[in-house]
Amino acid sequence: MDDLTKNQKYVILQLYKEYLSNYSSGKNQNPNYFPDASYIKHLFSDRFSDDELDDILLSLLHKEYITGYKDEDSVSEFGVSDKTIIYMENKFKNGLKDILTFLSNFM
C-alpha cells in the first residue's frame, strides 16, 4: 500500500471495514459487492466531493486494490480485491477493532 495516497488509503480501509461489517452481520449475500460510488458515499461524510471519490475509486481500480467496472467517470459493481483482503488480513489481525483504531488516526 506504499503506492497509495493518504486519501486512497482511507477509502480502501473504509471499503474493507464495510466488507467486514457486511460479512460479520450476514446481511448481504455478497458482502464484497458495492453497486456504485453513491452507494458508499455515506462512509465518507463530507470528506470528499463526488468527483474526488470517483477519482480515488478509479485510481484504486487501476492499481488493482478494488475490482469492478470502469464507467465514464467512476466505477461500478466493485469490491475489494483479493490482493487487498489478504494484505488487510495480515496487517489487521484483530479485524474491525484494529481497523477502527487505525482509521481514528485519519480524523
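**Fold and aromatic contacts of a predicted model**

Along the sequence, the elements of the protein follow the order α-β-α-α-β-β-α-α, which comprises five helices and three strands. The model is predicted.

The overall dimensions may be considered next. The C-alpha atoms fill a box of roughly 35 × 30 × 25 Å along the principal axes. For 107 residues, a compact globule would have a radius of gyration near 13 Å, and the protein agrees with this, having 13 Å. Of the 107 residues, 44% are buried. The protein exposes about 6300 Å², of which carbon and sulfur atoms supply 46%. Among contacts between residues at least 6 apart in sequence, 55% join residues at least 24 apart.

Attention now turns to the aromatic side chains. A pair of aromatic rings is described by the distance of the centres and the angle of the planes. With centres required to lie within 6.5 Å, the count comes to seven aromatic pairs. In the pair of Phe-34 and Tyr-39, the ring centres are 6.4 Å apart and the planes stand at 50 degrees, so the pair is tilted. Elsewhere, Tyr-10, Phe-44 and Phe-48 form one aromatic cluster.

Aromatic rings also take part in arrangements with lysine residues. The charged end of Lys-83 sits over the ring of Tyr-65, 4.4 Å from the ring centre. Lys-91 lies over the face of Phe-92, at a distance of 5.7 Å from the centre of that ring.

Technical notes:
Residues numbered from 1 in each chain as written. Predicted model: local features only at pLDDT ≥ 70, side-chain atom pairs only at ≥ 80, totals over all residues. Heavy atoms only, no water. Phe/Tyr/Trp six-rings, centres within 6.5 Å; stacked < 30°, edge-to-face > 60°. Lys NZ or Arg CZ within 6 Å of the ring centre and 35° of its normal. Helix = DSSP H or I, 4+ residues; strand = E, 2+ residues; numbered from the N terminus. Rg over C-alpha atoms; globule rule 2.2 N^0.38 Å. Buried < 20%, exposed > 50% of the residue type's maximum accessible area, 1.4 Å probe, protein only. Contact = heavy atoms within 4.5 Å. Areas by Shrake-Rupley, 256 points an atom, 1.4 Å probe, with all protein chains shown as cover.
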